[in-house]
Every structure is written in C-alpha cells, then in structure tokens.
Amino acid sequence: MAKQNDVGVFQLDNGKWAFRYTFTKNGKRSSRRSCKDEFGNPLNTKRAAIKARKSAIEAETLNQPLKPIIHKTVAEVFKEYREKGCSGKAYQTIKKQDSLWKNHIRDKFGKKYVDSITVAEVNDYLTQLYYVDGYAYKYTESFLKMFYLIFGQAYSRNYLSIDTYSKLCINKDTKIKMPNLKTDEDTEIVTFNREEIALLDEYFKGTNAETAYLLGKYCGLRISECYGLKWDNVNFRDNSISIDRQMQYQNGLIKLVSLKTRNAKRTVYMNKELKNHLKKKWQQAKLDAITFAAVREQKQRFIDDLDDSKISSTELVNCLPNGTIQTVNSFKYPSREIKSKLGIQFKYHYLRHTFGTRMAEMNTPQHLLCSIMGHGNIHVTQQYYIAVSKRGIEILQNNLNQL
C-alpha cells in the first residue's frame, strides 16, 4: 500500500486530527491551521485530515471566494428556483411549495438577503410555528425542507459561501433543525381495529365506494393511486395490480399523472376477496358498456393520461355504470357520514395505515412490505412494526404467557 502524504498533518491531544499549510497571495505569505473539514466536521482520522488539507489548499489555489459574489434576497432566490430549478418536480410538490412561500415564508423572509439569515433566526421561526402557532409537527417539517431548498439553491449559484452553507445545512452541530417533539404530539400510525373494520365493511358493502374501500383495505393504496387505477393495470392471471400513475387535479382539471417518487411505482397483489370482487366488477362493466351505451356517450369524461393522450373515464376501475367518473373527492361524503353515524374518525389514508400494520403483525419481511407500500425509505416502513396496536398487544401477551 502506498504511503500517505501526511505532510502538514498532526494529531491533537484529544485524539482528533488537524492540518496546517502555508500559501502566498498578493505577494504576502500566510498560513492556515484547522481541525475541521470544509463542512465543519471534526477530523477523526489521519486520512480525513489529509483529505481536508488537500481540499483547503485546492480552494486557496482556485481563489474560492469567502463571501458570495452576488447578494440576493430570499424572494429572488425562490423566484429563480421556480423559473429554473423545479423542472421535473411533481405538480403537487410545486403547489405545496408555492403555498408555503406565498402564505408564510415570503412575508417573513422574502426581503432579507439570503446570506444574512442566521441559524438561530430559522430555528426561532420553526419554534414559533410549532409551539406557539400550533402547527402539526409534520407540517412544520415542510417549512424546514423549504429552507433547505432555498439555501441549497442559493449555494449552487454562489449566493452563499461554503462556510455559511455548511453552518446552515451541513454541520450537524449548527445546522437548522426541527424543534423538540412535544410529549403529546400525535405522530402515531392510525389504524382501525377489528370492530371498526367490521362496521366499515358493512357500511361500504354495495356502495359506489366499495371498490375503492377494498383497494385501500387489502392493498394499502393511496387515494390518488386508487382513483387513478385503470383496468389495464389489473392482471387476474397472476393476481397482481401494477401501480404506475395517480389521479390529480391540476388547474381545475382531472388528470392521470406520474407517481410522486420512483419507489411508488410498484406491483401489489390481490387476496381472494379482492380478486373476486374485481372480477365481478369487470364482468359487470362489460355488460354496462352495452346497457348504458347511449347514456355513457353523455356521461363519460375524457381526461389526460400519462402520455397526454385522452382516455375515457370508463377505462378506470372506479367508474359508475353510466360512465360518470369517480375522483379523489368521492370519499368526502362517506367520511362525514361514517363519523356522524358510526362514531369513527375516518380518513382513507387510515386504511393504508391499517394494511401496513396488519401486514407487520403477521411478520411480513420488512423489505417486502417496503416494496408493496411503495416507500422510498425502510425507516418509514419500520413505523408499522413499531406501532403498538390492540392486536399487537394481544400477540405480546400471548407470547408472555408461553414463557
């Protein structure tokens, strides 16, 4: 193995490492010494110190500015991002970012120069949102992501020096971060118990929303995936459903668009009950095409598909017999009625939570559940294994009784 060039590198009394070097600038000789890398992280090894010294010397050679070349306000940075930096982002992501900007961040930070904002200023703002204004933890986290986006955009265009950007976004000891979680914050997975599922089964049986309900219950689909599902994506031969698009409203129009993330594109599988239900629905749909042929000419709706082609609402799994389209808003009425009649706080997404938790209780391998749920991170999937449900407690107690 080649010997490392350790000139200018030395170990400190605390076991950490540091480096020094000299350089000439404008005819004047100067020296530098540091025990941290370019991102402000301590140097734990000799190799890290050698690498950090090399990077520092290269920065001096390239005459990297310590101050941003151009001063820009936060408003100017965000405008530039919207014009040049958000291509390829999902429509709903951009819509959410615009909402956070227009309704909150613009008034507070828009006129400030991006290189003048401090870590404390952002942290105080997040604390105000969470503790004082009472926003949910997850919603407050959206603001943190917006600041990372803005500072990243500014750094990429040299409106922030590397030291400032490191302090704001990289150095784990100084970077902007979320406030401490409230002890009573509700971040748990919300699931329906057996009794509630029985009531929901009875409520949805035979209704126009039954198919969507079963897709949430047995496949854990998101509501946008459920209503964007086409019959072409249902394979009765191998009991599978391919999820490759979702339904969204864009500028008031219903469209089928790409899924938000690459991992969301996946294959899920049908159990016997769901397969039988969909088979009957598919056979009935073929009869409906004949029975309601005339009325479908008036009732059907043509919407944009992934490739910008127009498809009929009758190609969707969730479509009424007369051709009327069903949308992501179709669960608003059932949700209100379930709460008033059954006393159950119902959200379609809770079906997804329930599916994930039940699969975890049955010891489904994490990597398989991660794939079926369309998660981009295994840590998200692990929440379903950690969630303490009534059924989970029963299993635990049964195991304890067998000790």
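Start by selecting helix α5 (residues 137-156) and helix α6 (residues 162-170), whose axes come within 10 Å and cross at roughly 165 degrees. Axes here are lines fitted to C-alpha atoms, for helices over the stretch in contact, and angles run from 0 to 180 degrees between N-to-C directions. The names follow DSSP runs, numbered from the N terminus: H or I of at least four residues for helices, E of at least two for strands. α5 and α6 are therefore roughly antiparallel to each other; angles under 35 degrees count as roughly parallel, over 145 as roughly antiparallel, 65 to 115 as roughly perpendicular and the rest as oblique.

This is a predicted model, in which local features need pLDDT of at least 70 and side-chain atom pairs count only at pLDDT 80 or more, while totals for chains, interfaces and linings use all residues. Residues are numbered from 1 along each chain as its sequence is written, and side-chain values use heavy atoms, with hydrogens and water left out.

Stay with this helix pair. The crossing of α5 and α6 is left-handed; a crossing has that name if the near helix is turned anticlockwise from the far one by less than a right angle, and is right-handed if clockwise. Now show the side chains of Y148, F151, G152 and Y155 in α5, which meet I162, Y165, L168 and C169 in α6. Contact means heavy atoms within 4.5 Å. By class, this contact of α5 with α6 has 7 nonpolar residues, 1 polar and no charged. Ala, Val, Leu, Ile, Met, Phe, Trp, Tyr, Cys and Pro count as nonpolar, Asp, Glu, Lys and Arg as charged, and the others, Gly among them, as polar.

Next, select Y125 and F147. Their ring centres are 6.0 Å apart and their planes are at 85 degrees, so the pair is edge-to-face. Rings of Phe, Tyr and Trp (its six-membered ring) pair if their centres lie within 6.5 Å; planes under 30 degrees apart count as stacked, over 60 as edge-to-face and the rest as tilted. Y125 lies in helix α4 (residues 119-132) and F147 in helix α5, so the pair ties together parts that are 22 residues apart in sequence.

Move on to helix α7 (residues 194-204) and helix α12 (residues 332-342), which pack at an angle of about 125 degrees with their axes 12 Å apart. α7 and α12 are therefore oblique to each other, and α7 passes α12 in a right-handed crossing. L199, L200, Y203 and F204 of α7 make the contact with P334, E337, I338 and L342 of α12.

Now turn to the strands. Which strands form an open sheet? Select β4, β5 and β8, which lie in that order with antiparallel pairing. Two strands pair if DSSP finds at least two bridges between them. Strand β4 (residues 234-235) is joined to strand β5 (residues 240-243) by 2 bridges, and N235 stands opposite S240 in β5. Between β5 and strand β8 (residues 266-269) there are 4 bridges; here S242 stands opposite T267. β4 and β8 stand at the edges, each with a single partner strand, so one side of each is left without a neighbour in the sheet.

Finish at strand β6 (residues 246-250) and strand β7 (residues 253-257), an antiparallel pair with 5 bridges. M247 stands opposite L256 in β7. The two strands form a hairpin with 2 residues between them, and N251 in the turn has a positive phi of about 55 degrees.
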